[in-house]
Amino acid sequence: MLAAHPDIQVVVHPLDVNDHDQVFTVFAQAAADLGGLDRVIVNAGLGKGGRIGTGKFFANKETAETNFIAALAQCEAAMEHFYERKAGHLVVISSMSAMRGMPSSMTTYAASKAAVAALAEGIRSDLIGRKGVDIKVTTLFPGYIASEMSGKVEQGSSSWSTPRRGVVPWSRRSSARSPTPPSPPGRGHRWRPS
């Protein structure tokens, strides 16, 4: 990244997003190191868990806490900073799985990603009509991504998410000017972000 953009400054801070006090401390330190934060991307996620009712409560709870409660802490810390600066860009990573209930080990993951999408939408809606702030909120809904995390998820039939079935990653750009999000893409519909 630095080779492509030699004029930028990059700092790295270790962070356990489930240590909520640490989230606020690290965000404040990063802002101090850089003279402010222009953009925060809330992307930490966990995909472990199991079918509801099969004794995997603690794994499902850990997924829900990481994907939603930790995201809430990060959004709170970012928005505090953005309100102080009267500017910023909050980017929240959800998932296509947030668009509907998912079966098996994906149930809690999908529910947590729906929750984080609703959180971002609420934050964005709260900015509508606010004078004197230039804060943007974007929610991204990536499709299936082959990764170390997705490779460990026991899914039974995964035809809903395999790339050969045509699920294409998409995103929805949010702005304080458009309070109603578009419907998610469906069969026969082509959706393009504005």
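Analyst: One cut-off to begin with: buried means under 20% relative accessible area, exposed means over 50%, and partly exposed lies in between. The model is predicted.

User: Why does lysine 86 count as partly exposed?

Analyst: Its relative accessibility is 49%. Lysine 86 sits in the loop between H2 and E2.

User: What is the phi of lysine 86?

Analyst: It is near 65 degrees, a positive value in a residue other than glycine. Most residues other than glycine have a negative phi.

User: How do you know that E1 and E2 pair?

Analyst: Pairing takes at least two bridges. E1 (residues 39-42) and E2 (residues 87-93) have four, in the parallel sense. They therefore count as paired. Valine 40 stands opposite leucine 90 in E2.

User: Which side chains of E1 point to which face?

Analyst: Val40 and Val42 point to one face and are buried.

User: What makes a right-handed β-α-β unit here?

Analyst: E1, helix H2 (residues 57-85) and E2 make it. The path from the first strand over the helix to the second runs clockwise, with the strands pointing away from the viewer.

User: How do H1 and H2 cross?

Analyst: The axes of H1 (residues 20-34) and H2 come within 9 Å and cross at roughly 35 degrees. The crossing is right-handed. Phe24 and Phe27 are among the H1 residues that meet H2, where Ala73 and Ala77 are among the partners. By class, the contact has nine nonpolar, three polar and two charged residues.

Technical notes
Residues are numbered from 1 along each chain as its sequence is written. This is a predicted model: local features need pLDDT of at least 70, side-chain atom pairs count only at pLDDT 80 or more; totals for chains, interfaces and linings use all residues. Side-chain values use heavy atoms; hydrogens and water are left out. Buried means under 20% relative accessible area, exposed over 50%, partly exposed in between (1.4 Å probe, protein chains only). Helices (H or I, at least four residues) and strands (E, at least two) are DSSP runs, numbered from the N terminus. Axes are lines fitted to C-alpha atoms, for helices over the stretch in contact, and angles run from 0 to 180 degrees between N-to-C directions. A crossing is left-handed if the near helix is turned anticlockwise from the far one by less than a right angle, and right-handed if clockwise. Contact means heavy atoms within 4.5 Å. Ala, Val, Leu, Ile, Met, Phe, Trp, Tyr, Cys and Pro count as nonpolar, Asp, Glu, Lys and Arg as charged, and the others, Gly among them, as polar.
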